[in-house]
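Morning, everyone. I have one structure to show, and I'll keep it short. Please take a look at it first.

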Amino acid sequence: MKKLLLTLLSIVMVCSLVACGSKTDEGTAGTGDSPVTISIWHTFTEGQEELLNTIAKEYMDAHENVTVEVVNTGAASEFQGKVTDSVINGVGPNMIFEYASFAKSFDIEGTDYLLSFEDYWDFDYKATLASEGLYKEGTNFSDGKLHVAPVYTAGALLFCNQDIFDEAGVAVPTTWAELKEACKTIYEKTGVVGLSIDSLTDFAQLLIYQCNGGQIVDLDKNEVAFNNEKVLEWLKWWEEGVDAGYFQVAAQAADGYNSSDINNGLIASYIGSSAGIPYLNVENLTVVRVPMMSEKDIENAGIIWTRGAIGFNTGDEAENAATADFAKYFIEQNERWVLELNANTPYKAVTESATYQEHVASDKALSALAEQIPYSFVAPVFTGVTEMRTELSALMKGAADPNFDAATALTNCANNVNAAMRGE
């Protein structure tokens, strides 16, 4: 993918220089009172989509010369591909909501595809964030500039149908060893799958981090750090459960969501995002932190992720300025946003809000996540991270193949990621 992206970017850059000129050559068309249109792409649904449209309308009411087009691109699984294709062909969105790891795929030497928000902001943005790590993630690019402004933080949790656990006579687990035994017992006694996973990529990173001393990649050596016996042991642990049928790699429901599976009694538990609880209607639902290997700091770590606003530099100064200004307005509405998404806020001011604090205290998922966050890590962002996410997902999914060989699959995964890290 890296080679393809580099080639396409080079073609687009040449074409744009010939046909359009640079932004300094063209001046600042569309600035001041001249009309400007910016496009925001997303995959939100229901209340989230409605709130995004409301915020866009409020912004346009206050900025008569700016039109904000909010575009739902459809299936989330196709979103990154659509954005990449559109951006490299010069017809992409001005802003999206995605993870920093995706923005990193556009951080290629000789290109200028990402918009730097702080080039347009006149306030101390870093000081508004709840942790320095959030700013580090948003500026973890070759130019050191802010290309990702976080809009919500979520994390992996274990959601359990307590009635199924009670029927099988097992307790909600706190360790991976307990989890495996509980799932095995549930499957044998009830015929219900014990565990499913929303994001196999994040699940893989969680296991690697916990068993491998907190190291997923070695950035000093520019290579993965997970091709070893410790990780192989846990890959086989996963494979054994998949083979036996008490772990599942993909949801059974037609819509592909584990929330539907647990609602319908098809699974006893799943590991998924804290933001998913509004979609659950299990009468007796238990929500706890993800399992751990021990109570040691690294071995009991959870994983959290932050989705942010990512702007793209279109070469039109008026569009860029309007995009950055809308992003600023959007993060000012963060309390409304995180309450709607049932997520944690990245911003200090919102954490101090009584409304937000009451909401967290009354929500099973956010309460569980709040307990876990002090022990959680953020997955690394680096050149090749998009390819690593794809490879790790395929690795964990491959355990369902009868011909799966864990050692060979792990080595192949590591080799492919190493090649991506080197830009091959």
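Predicted model: local features only at pLDDT ≥ 70, side-chain atom pairs only at ≥ 80, totals over all residues.

Start with the strands. Strand 1 covers residues 36-42, and strand 2 covers residues 66-72. The two run parallel, joined by seven bridges. For a reference point, find threonine 37: its opposite number in strand 2 is threonine 67. Helix 3, residues 46-62, belongs with this pair. Strand 1, helix 3 and strand 2 form a β-α-β unit, and the unit is right-handed.

Now stay on helix 3. What does it pack against? One partner is helix 12, residues 317-332. The angle is about 120 degrees, and the axes are 11 Å apart. That angle makes helix 3 oblique to helix 12. The crossing is right-handed. From helix 3, the contact uses Leu52, Ile55, Ala56, Glu58 and Tyr59. Helix 12 supplies Ala322, Asp325, Phe326, Tyr329 and Phe330. By class, that contact has eight nonpolar residues, two charged and no polar.

Next, helix 13, residues 334-341. Its axis and that of helix 3 come within 9 Å and cross at roughly 165 degrees. Angles over 145 count as roughly antiparallel, so helix 3 and helix 13 are roughly antiparallel to each other. This crossing, too, is right-handed. On the helix 3 side we have Gly47, Gln48, Leu51, Leu52, Thr54, Ile55 and Glu58. They meet Arg336, Trp337, Glu340 and Leu341 in helix 13.

Key
Residues numbered from 1 in each chain as written. Heavy atoms only, no water. Pairing = 2+ DSSP bridges. Helix = DSSP H or I, 4+ residues; strand = E, 2+ residues; numbered from the N terminus. Right-handed = clockwise from strand over helix to strand, strands pointing away. Axes fitted to C-alpha atoms, helices over the stretch in contact; angles between N-to-C directions. Parallel < 35°, antiparallel > 145°, perpendicular 65-115°, else oblique. Left-handed = near helix turned anticlockwise from the far one by under 90°. Contact = heavy atoms within 4.5 Å. Nonpolar A, V, L, I, M, F, W, Y, C, P; charged D, E, K, R; others polar.
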